[in-house]
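Good morning, colleagues. I would ask you to look at the model on the screen while I go through some of its side chains.

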Amino acid sequence: MPRGIINNVKKDNNNNNNNEDENGSSNEIVGEGERGAVVKRQEWQMWHLNGTLCPKGTVPIRRSRVDDLFRAKSLYHYGKKQPRTPFSRRIHSDAPDVISGNGHEHAIAYTRSSEEIYGTKASINVWDPSIQAMNEFSLSQIWILSGSFDGPDLNSIEAGWQVSPELYGDNRPRLFTYWTSDSYQQTGCYNLLCSGFIQTNSKIAIGAAISPVSSFAGSQYDITILIWKDPKAGNWWMSFGDNTLVGYWPAELFTHLADHATMVEWGGEVVNMRTNGQHTETQMGSGHFAREGFGKSSYFRNLQIVDTDNSLMNVQGISTLAENTNCYDIKSSYSNEWGTYFYYGGPGNNPQCP
C-alpha cells in the first residue's frame, strides 16, 4: 500500500525513469502533456524535521491547546464544520452559497457514475494561501459522498490540506480529515477531535503542518491521497503516496456510505465572510486563476475512482463548477501522463470580484 510522501514536481525534459537521488530514494518521471516533471520523495510534515518518533504501539496526535478552544465559537463547535447546504446540492440548483447565507465558495470537479463507487485517488498540489479573517479558511480536498443532497442524511468522507487560523492558530497548510453522516448537523469532526476516524500509522500526524509547499513559478509539491472501501470489513481506509496506510473510518459511522458512494468531488473551498461588505481576499489554491497553468495555478492530477471490482480506474470525464468565476475558477483537461486533471483557484477580492 502507499508510502507517505510529498512529491516535488519540477519541469524537466529528462526522460529517465526510476533514478536514484542522493538519499537513495527513487525518483519517477511524471508530466503534464509533453512537459516532463521530476518527482522526488521529501520529508513532508514539519514535526518530522526534529527527528521525533512515536513509541511503538502509539500514534501521533496533534495537541489541542486552550487557545484552540477559545478561538472556537463554543466547545461544542470546536473541530466541526458549520451546518450548511452541502455543495453537491447546488449542482442541482443554481443558488450560490452567498445567497444561502453560509459564505462557502468552491471551485470543484465532480463525477457521477451509473455504477457504484468505492473510493478515489488523486494528487493534490500544496500551497499556503493567505487568509483574510480568523474565521475563514481555504482548503483543497476530496469528498466521497452518498445520501440525499436535499435532506439531513448526507454522508461525506473528506481528506486533503487546509489553512485554517481558527482551527489551528496559524496559516500553515495542514493535512486534515473530516466525516459526517447527517449533512454536518450533529455527527463528525475534523481529524481526531471526536471519535470516528481511527488512526493506525505512527509516523503521520493528522492536523500536522505540511512542508515544503509550492512557490509561484518555482518548485511544485503535491501529496497523493487514496480513500477506498475494504470489501470485506466495509471500513473506508485512507492512504498516502503508494502504500502508507494512515487509518480508517469504521463502516458503522455511516448509513449510505456503509454501502457505497454515489459521487466524488475534488477541488477547493473557501469561507467568504464579506468583511466590511466586500468579498474576502482569502485565496484558493495558489491564489491565481486556472488559466495561468503549471507553476502558477494549483492543480489536482491523476484523478481515479475505485470500481465495483475494487480496482482503480482512470476518470474519463468530469464536470466542473464554481459559483463566481471572477473570484475563483477551474479548468479541466487530460494528458497521457497526468490523466484527467484540472487547475483551479483564485485571489478572491479583485476589481472583477468586489
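I shall speak about one serine, then about salt bridges, and finally about aromatic rings.

Please bear in mind throughout that this is a predicted model.

Let us begin with Ser 298. This residue belongs to strand 14, which covers residues 298–306. Is Ser 298 buried or exposed? Its relative accessibility is 0%, and because buried means under 20%, Ser 298 counts as buried. Its side chain makes a polar contact of 3.0 Å with the side chain of Tyr 344. If we set aside neighbours within four places in sequence, the residues in contact with Ser 298 are Asn 125, Trp 127, Gly 285, Ser 286, Phe 342, Tyr 343 and Tyr 344.

I turn now to the salt bridges. How many are there? The count comes to two. One of them joins the side chains of Arg 174 and Asp 170, with a distance of 2.4 Å from N to O. Arg 174 and Asp 170 are both buried.

The side chains of Arg 301 and Asp 222 also meet in a salt bridge, here at 2.8 Å from N to O. Arg 301 lies in strand 14 and Asp 222 in strand 10, residues 220–229, so this pair ties together parts that are 79 residues apart in sequence. Arg 301 and Asp 222 are buried as well.

The last topic is the aromatic rings. A pair of such rings is described by the distance of the centres and the angle of the planes. The structure holds 15 aromatic pairs, and I shall present two examples.

In the pair of Tyr 178 and Tyr 190, the ring centres are 4.8 Å apart and the planes stand at 75°, so the pair is edge-to-face. Tyr 178 is in strand 8, residues 174–180, while Tyr 190 is in the loop between strand 8 and strand 9, so the pair ties together parts twelve residues apart in sequence. Both tyrosines, Tyr 178 and Tyr 190, are buried.

For Phe 197 and Trp 249, the centres are 4.7 Å apart with the planes at 65°, so this pair is edge-to-face. It links distant parts of the chain, 52 residues apart: Phe 197 sits in the loop between strand 8 and strand 9, and Trp 249 in strand 12, residues 244–249. Phe 197 counts as buried at 5% relative accessibility, and Trp 249 counts as buried at 0%.

Finally, which residues do ring pairs link into a cluster? They are Phe 294, Tyr 299, Trp 338, Tyr 341 and Tyr 343.

Thank you for your attention.

How values were computed. Residues are numbered from 1 along each chain as its sequence is written. This is a predicted model: local features need pLDDT of at least 70, side-chain atom pairs count only at pLDDT 80 or more; totals for chains, interfaces and linings use all residues. Side-chain values use heavy atoms; hydrogens and water are left out. Helices (H or I, at least four residues) and strands (E, at least two) are DSSP runs, numbered from the N terminus. Buried means under 20% relative accessible area, exposed over 50%, partly exposed in between (1.4 Å probe, protein chains only). A polar contact is a pair of N or O atoms within 3.5 Å; within protein, one must be able to donate a hydrogen and the other to accept it, and residues adjacent in sequence count only if both atoms are side-chain atoms. Contact means heavy atoms within 4.5 Å. A salt bridge is a side-chain nitrogen of Lys or Arg within 4 Å of a carboxyl oxygen of Asp or Glu. Rings of Phe, Tyr and Trp (its six-membered ring) pair if their centres lie within 6.5 Å; planes under 30 degrees apart count as stacked, over 60 as edge-to-face and the rest as tilted.
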